[in-house]
Amino acid sequence: MRQQTARFVAAITLLMTLGATAAPSLAEEAAVDRVDAALQNITSIVRAKKVGYATIWDGNKYVQCHRLPSREMRCEAAGPTLQPSLKRVLTIERQNRLAALGWTVDPAFGNYAKVFPADAPTGQISADILRTLTDAYDINFQDLELKTDWVVDIPCPPRNGPSQNLAGMISGAPSMRSTALLTCSYAAKPQPQTAETAEALIKLYGPSVTAEIQRLRVNAAHRVYTVFDSGIGYIQCMPETPPVALYCEAQSAESWAALSAILKPDHVARLTAAGYKEPGRAPNYSKSYPLTLTDAAIAAEILTLLHDVYDYTGATKLDVKTD
């Protein structure tokens, strides 16, 4: 009788999800039954010093639930902090749907969280979970997977680490131990600022590159150099002897074959238009900057060439190598 009542509640919830004129499909009803069974499983089995978790997923889109000591059911839905690829899925519209369904961001790991009352039927919770996965994550019922597992009961249980499958999910799987998060929170590393234009790149790196050019000028009587490495091509500079100019080389495809994919004729034309000579005397493109130019002007041209010739936007931090 209890199971029939739970299924009735779940069916009503699905009707509300799909609209008054729609009826849940057999696949949807079967999915509710499967999730309901998993939630009942972690509710009925009590293991010493362990907590039962039910995880429902399609690909890396998941909801994971467990009973709190107070018997409420706490669930987490995957977030983009540990799974950046979910930013493509969780559009602003879908984030609003999550909020409307009662999910809030848990700042500890960036997942979405929702707590269901202790007396909420598992069938109703199951329907709510599936509504969340369909409305916000666009899952496919045919690809739905689930499992129950019991993990050691500690304040901060192990979670699948960033870049791993089902990142952020609580798991005691031996195969995930080497990359597991064993902390009580996680903050993603800040992403480097990107520059869509050469002017933006100059604003981002202009002061530091200018300071390096100044260092070469100050130490012009010595053997010093600086390499501005974008990761997809570099420009390296050193004082000329006698110290009347600053000699710079821009990396060529002859010195690194992979650059042939970037250094197309139009890109090379930008180098030659800036006064760089073709490889021959040197293995790279080369130019001598008169020291009558300001350090800022030389720095601005170097950054402009890194952007316009090597397509560097700052997605990776500019690596400055010195003597």
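The lining of the largest pocket has 7 nonpolar, 3 polar and 5 charged residues by class. The model is predicted.

**Largest pocket**
- The volume of the largest pocket is about 290 Å³.
- Its lining counts 15 residues, and K50, V51, G52, R67 and R71 are the closest to the pocket centre.
- At least two lining residues come from each of α2 (26–44), β1 (50–58) and β2 (61–67).
- β1 gives the most to the lining of the largest pocket, with 3 residues.

**Helix α6**
- Helix α6 spans residues 265–273, and H267, V268 and L271 are buried in it.
- Viewed down the axis of α6, the buried residues fall within an arc of 95°, so they line one face of the helix.
- Those buried residues pack against β9 (245–250), β10 (285–290) and α7 (295–308).
- P265 and A273 are exposed, on the face of α6 turned away from its buried side.
- G275 follows α6 and has a positive phi, near 100°.

**N160**
- N160 sits in the loop between β6 (145–152) and α5 (198–218).
- The relative accessible area of N160 is 3%, and the cut-off for buried is under 20%, so N160 counts as buried.
- A polar atom of the N160 side chain lies 3.0 Å from the backbone oxygen of N165.
- Leaving aside residues up to four places away in sequence, N160 touches N165, L166, A167, G168, M169, S171, M176 and L181.

Note on methods: Residues numbered from 1 in each chain as written. Predicted model: local features only at pLDDT ≥ 70, side-chain atom pairs only at ≥ 80, totals over all residues. Heavy atoms only, no water. Helix = DSSP H or I, 4+ residues; strand = E, 2+ residues; numbered from the N terminus. Buried < 20%, exposed > 50% of the residue type's maximum accessible area, 1.4 Å probe, protein only. Polar contact = N/O pair within 3.5 Å; in protein donor to acceptor, adjacent residues only side chain to side chain. Contact = heavy atoms within 4.5 Å. 1 Å grid on protein atoms, 1.4 Å probe; cavity = no way out; pocket = protein on both sides within 12 Å on 5 of 7 lines; lining within 4 Å. Points joined across faces, edges and corners; volume = space filled by probe spheres on them. Nonpolar A, V, L, I, M, F, W, Y, C, P; charged D, E, K, R; others polar. Arc of directions from axis to C-beta.
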